[in-house]
Amino acid sequence: MKQVKIQIPSLVENIRVVESFIDNSKDTFQIEDDIYGNIMVAVTEAVNNAIRHGNKFDKDKNVYLSLYVQPNQLKFEIEDEGTGFNPENLDDPTAPENLENPGGRGIFLIRHLADAVEFSKEGRRVELTFQLAPAETSPTAAA
């Protein structure tokens, strides 16, 4: 298993660093275009949540982003240094009373874009798993 890790201070402008990290990973690990968009949106949203809600924009606190590459899946782990939260205790953004709210859709979106989402460390860490299509073997390669 290959892994890559970065650490960024909790500044919103560092989302660009995360986008570059994902772009570089796409090239390095040949991530397919069909899941690249899901990864970009879900991971940047998770990092944005860590900066905003976890670390509360405290530039002295960091967000840690790790990528674990396996033949059939990619796992991104995002961890902040905040106090945590209960991911099971969130308002449903699709409920009629919440449709007009300006926020509250990030985790909903992440859960729909990633194949698996798992929270740990009292909500300070989230792991996003993306399944990769098995590599196709061409008939000529097997001959």
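Reader: Is Asn62 buried or exposed in this model?
Author: The model is a predicted one. Asn62 has a relative accessible area of 15%, and the limit for a buried residue is under 20%. Because 15% falls under that limit, Asn62 is buried.

Reader: Which residues does Asn62 touch, not counting residues up to four places away in sequence?
Author: Asn62 is placed in strand E2, which covers residues 62-70. Leaving aside residues up to four places away in sequence, the residues that Asn62 touches are Gln7, Ile8, Pro9, Ser10, Asn55, Glu79, Asp80 and Glu81.

Reader: What separation is found between the C-alpha atoms of Asn62 and Glu77?
Author: Along the chain, Asn62 and Glu77 are 15 residues apart.

Reader: How does Gln3 count in terms of accessibility: buried, partly exposed or exposed?
Author: Gln3 belongs to strand E1, residues 2-9. Its relative accessibility is 45%, and the class between buried (under 20%) and exposed (over 50%) is partly exposed. Gln3 therefore counts as partly exposed.

Reader: Which residues does Gln3 touch, if residues up to four places away in sequence are not counted?
Author: A related distance is that to Leu65, which is 62 residues from Gln3 in sequence and 11 Å away in space, C-alpha to C-alpha. With residues up to four places away in sequence not counted, Gln3 touches Leu67 and Tyr68.

Reader: Which element gives the largest share of the largest nonpolar core?
Author: The largest nonpolar core has 29 residues, and those with the most contacts inside it are Ile39, Val43, Val47, Phe76, Ile78, Leu128 and Phe130. Two or more residues each come from helix H1 (15-28), helix H2 (33-54), E2, strand E3 (73-79), helix H3 (106-113) and strand E5 (125-131). The largest share, nine residues, is given by H2.

Reader: Which residues does Phe130 touch, not counting residues up to four places away in sequence?
Author: Phe130 is among the residues with the most contacts inside the largest nonpolar core. Beyond four places in sequence, Phe130 touches Ile35, Asn38, Ile39, Ala42, Val43, Asn72, Gln73, Leu74, Phe76, Leu113, Ala114 and Asp115.

Definitions and conventions:
Residues numbered from 1 in each chain as written. Predicted model: local features only at pLDDT ≥ 70, side-chain atom pairs only at ≥ 80, totals over all residues. Heavy atoms only, no water. Helix = DSSP H or I, 4+ residues; strand = E, 2+ residues; numbered from the N terminus. Buried < 20%, exposed > 50% of the residue type's maximum accessible area, 1.4 Å probe, protein only. Contact = heavy atoms within 4.5 Å. Core = buried A, V, L, I, M, F, W, Y, C linked by side-chain atoms within 4.5 Å.
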